[in-house]
Amino acid sequence: MYAEKIEMHNHNEAPMETKSGRLMIGVKNLSLIFQTNDGPVNALSDINLDIHEGDFVSFIGPSGCGKTTLLRVIADLEHPTSGTIEVDGTSPEDARLNRMYGYVFQAPALFPWRTIADNCALPMEISAQPKARQQKQIDKYLQMVGLQNFHKKYPWQLSGGMQQRASIARALCIEPELLLMDEPFGALDEITRDHLNMELLRIWQETRKTVVFVTHSIPEAVLLSTHIVVMSPRPGRVTKVIESPLPREKSLQLRDSDDFHALAAEIRAVLATDHQID
Ligand SMILES: Nc1ncnc2c1ncn2[C@@H]1O[C@H](COP(=O)(O)OP(=O)(O)OP(=O)(O)O)[C@@H](O)[C@H]1O
């Protein structure tokens, strides 16, 4: 079953017991300083965060607050300067080697010379999965994202939204425990974005993955998330973790509800405490 809690705790407090579900990501007193020619950049400062199995967690905050950096630390693409992070009880490196991650970027990052099916196959080719298994996974996930008739097309023959759906299918093909998504719909028009938000919610319900999602959009964070991590810049800190009171099963009409507006207003107020959202 899904866990129902995410907690932010201060340094001296032990992490709180979870009501249910296993701890997928545990971050303690984590800081990250980039050394640059212009001097050190404090990208993340003293981050404490617990994310549980089945949660849909969004990171929101203004440009430069460290959302992508934190996602990359989870994915073992960056390493903390101090503090610790565990992913399902292991290091991010072990989690990466165990293929726990599916990563979806803002740009679909599909190879133009490969068909959609062959793009989806790539991570499975790298992990030397049998061809029959690759085919089964490609069929399953292209169907799930509504691209069952596009196996043989090339990326440039698809719209931006379809390309992004293909990149989600590619991430899901290796059956990752964790889906890490960095502003995946940021470059899309609003109508396509609405559609893909609903698709993503459906896929999340179907697969029961844990999702960590970076966004600049308050409505998107409210619509999608079970928990919203509000971050502030200079240095990047977690200002507040808000647990959503909205149901897990959602429709676009929910955006007209009082609960939706109240949650959006709460996020806006937290963001406004130390900065303006860009
Ligand atoms: N490889 C790097 N080397 C040096 N500084 C970096 C590096 N990557 C990120 N930074 C800096 O770290 C800070 C956090 O960057 P990050 O990209 O994580 O922010 P963000 O919240 O994701 O921003 P955006 O919303 O614009 O994508 C910024 O000041 C950025 O310039």
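User: In this predicted model, which residues does Leu 180 touch, not counting residues up to four places away in sequence?

Analyst: The model is predicted. Contact here needs C-beta atoms within 7 Å. With residues up to four places away in sequence left out, the list for Leu 180 is Leu 71, Ile 74, Ala 75, Tyr 101, Gly 102, Tyr 103 and Val 212.

User: Which residues touch the most other members of the largest nonpolar core, and why does this core lie between domain 1 and domain 2?

Analyst: The core holds 74 residues, and those touching the most other members are Ile 74, Cys 120, Ala 169, Leu 180 and Ile 267. Helix 5 gives the most to this core, 6 residues. Domain 1 (23-100 + 179-275) contributes residues, and so does domain 2 (111-175); the core therefore lies between them because both give residues to it.

User: Which residues of helix 3 are buried?

Analyst: Helix 3 spans residues 116-126. Cover for its buried residues includes helix 4 (131-144) and helix 5 (160-172). After the helix comes Ala 128, with a positive phi near 55°. The buried residues are Ile 116, Ala 117, Asn 119, Cys 120, Ala 121 and Met 124.

User: Which element gives the largest share of the shell around the ligand?

Analyst: The ligand is surrounded by 13 residues, with Phe 34, Ala 43, Ser 63, Thr 68 and Thr 69 the closest. Strand 1 (23-36), strand 2 (39-52) and helix 1 (67-74) each give two or more residues to this shell. The largest share, 3 residues, comes from helix 1.

User: How many residues of the shell around the ligand are charged?

Analyst: The shell has 4 nonpolar residues and 8 polar ones. The charged count is 1.

Definitions and conventions. Residues numbered from 1 in each chain as written. Predicted model: local features only at pLDDT ≥ 70, side-chain atom pairs only at ≥ 80, totals over all residues. Buried ≥ 20, exposed ≤ 12 C-beta atoms within 10 Å, placed from the backbone. Helix = DSSP H or I, 4+ residues; strand = E, 2+ residues; numbered from the N terminus. Contact = placed C-beta atoms within 7 Å. Core = buried A, V, L, I, M, F, W, Y, C linked by C-beta atoms within 7 Å. Domains from an automatic or database assignment. Near = placed C-beta within 6 Å. Nonpolar A, V, L, I, M, F, W, Y, C, P; charged D, E, K, R; others polar.
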